[in-house]
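Here is a short tour for someone meeting this protein model for the first time. Have a look at the sequence and the 3D view, then read on.

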Amino acid sequence: MITIQEKKTKQELTEFVKFPFSIYKNHPYWVPPLIVEELMSFDKSVNPVFEYAEARFYMAYRDGKAVGRVAAIVNWNEVRDLDKKKVRFGWFDVIDDIEVTKALLAKVEELGRHHGLENIEGPMGFSNLDKVGALIFGFDQMSTMITWYNHEYYIDHFKTLGFQKEKEFVESRFVFPNEEQVAPYLKGDVLIRKRYNLKVHNPKTIAEVMPFIDPMFDLFNDAYAKLTSFVGISDRQKQFFKDKYIDMVNPEFLKFIEDEHGKMIAFSICMPSLTKALKDSDGSLWPFGWLRLWWAKKHTDEVLFYLIGVDPEWQNKGLTAIIMAEYFRSFKANGIKYCVRTPELDENNAIHNLWKFFNSPVTKRRATFIKDL
């Protein structure tokens, strides 16, 4: 018999966070999350997303043994402002048993019906800066710290239960481009800076990064506003994401462009790959996890393209040439050998065009799945 329990206390949520460690133990491609960060994300007194979202965390048991988990989420900004009446599900992990999946998703559907919502979609987090999508292609590829990994049977479960693919995302891992591949960007870099009298900031320390963070998030809200299901982030969320990610970034991999009046018009964030450090630490900072992460941040040969934003009024003026030229110089100086394109919405052609001069074939695809309630 399958029973479902809602998790609320810190001890219970720790069990929720740790569940996938059991079904992915020694899995070659799964990357564990940092347990402390997951708990911070679920803490209603810490994560400002709960100002406009609600979430319930469920675990499934059979004969006293944990066999699955799911988070049921309602993002009220999405429901009210975008008129998308859906309940989200995320942090979904389960053994290969369709009855367990059915029981867990039934709890999500129950929350949706309680609020008079029209459909259920997932896997997805609270907002646009959380993890998104179930892997549908590339199961033999290493996951990253900002994506979920899942077994192939998850997709079979969704389809059996009447879910259909809704949004698709692409990812790619490719060899750091050589000078010939980057040549169009290097040429464009010089011309565009001069034409528009632009200023490019390449911070070297975290202190140099901080003044750009709030303007960057403001630009993020503007640049992505036209994409489907985009919900902007609040001022309190800006601070939350600063606290969450600032220790993971290498300042040299952040780029900011201002116009001649000092207004930010483009930004890009690359993060050092912490995959090996996270796997070796098994999700814990203690006793040596923090040291592994610090070392990886300084010595990795792989980077993740996490986020790129360009002011809508500047999106056809070649600013990406400047960004790519700057990254070519920074990556070369720091011994970077590999680049990873993290999930890009399939409809976001502006982002896909960044890679047209590179050999970066899609290596992974993921999707969200939807069903009417």
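## A buried charged pair

Glutamate 344 is buried, with a relative accessible area of 8%. Its salt-bridge partner is arginine 341, at 2.8 Å from N to O, and arginine 341 counts as buried too, at 6% relative accessibility. Buried here means under 20% relative accessible area, exposed means over 50%, and partly exposed is in between, using a 1.4 Å probe and protein chains only. A salt bridge is a side-chain nitrogen of Lys or Arg within 4 Å of a carboxyl oxygen of Asp or Glu.

A word on the ground rules: this is a predicted model, where local features need pLDDT of at least 70 and side-chain atom pairs count only at pLDDT 80 or more, while totals for chains, interfaces and linings use all residues. Residues are numbered from 1 along each chain as its sequence is written, and side-chain values use heavy atoms, with hydrogens and water left out.

How many salt bridges does the structure hold? The count is 25. One of them joins the side chains of arginine 365 and glutamate 168, at 3.0 Å from N to O. Arginine 365 sits in strand E13 (residues 364-372) and glutamate 168 in strand E7 (residues 164-175), so this pair ties together parts that are 197 residues apart in sequence. Arginine 365 is partly exposed at 28%, whereas glutamate 168 is buried at 17%. As for the names, helices (H or I, at least four residues) and strands (E, at least two) are DSSP runs, numbered from the N terminus.

Glutamate 252 and lysine 204 also meet through their side chains, at 4.0 Å from N to O. Glutamate 252 is in the loop between H9 and strand E9 (254-258), and lysine 204 is in the loop between strand E8 (199-201) and helix H7 (206-209), so the link spans 48 residues of sequence. Lysine 204 is exposed at 54%, while glutamate 252 is partly exposed at 24%. Elsewhere, Glu78, Lys86, Arg88, Glu121 and Lys167 form a network of salt bridges.

## An enclosed helix

Helix H2 (residues 35-42) has 6 of its 8 residues buried, so the rest of the structure largely encloses it. The buried ones are Ile35, Glu37, Glu38, Leu39, Ser41 and Phe42. Their cover includes helix H1 (10-23), strand E2 (53-62), strand E4 (86-94) and helix H9 (235-245).

## An aspartate in a loop

Aspartate 130 lies in the loop between strand E5 (119-122) and strand E6 (134-137), and it is buried at 16%. Its side chain reaches the backbone nitrogen of phenylalanine 126 at 2.9 Å. A polar atom of that side chain is also 2.9 Å from the backbone nitrogen of serine 127.

A disulfide is a covalent bond between the sulfur atoms of two cysteines. With a cut-off of 2.5 Å between the sulfurs, the whole structure has 0 disulfides. For cysteine 270, the closest cysteine sulfur is that of cysteine 339, 6.9 Å away and too far for a bond. Both are tucked away: cysteine 270 is buried at 0%, and cysteine 339 is buried at 1%.

Leucine 291 belongs to helix H11 (residues 289-299) and is partly exposed at 37%.

Note on methods:
Contact = heavy atoms within 4.5 Å. Polar contact = N/O pair within 3.5 Å; in protein donor to acceptor, adjacent residues only side chain to side chain.
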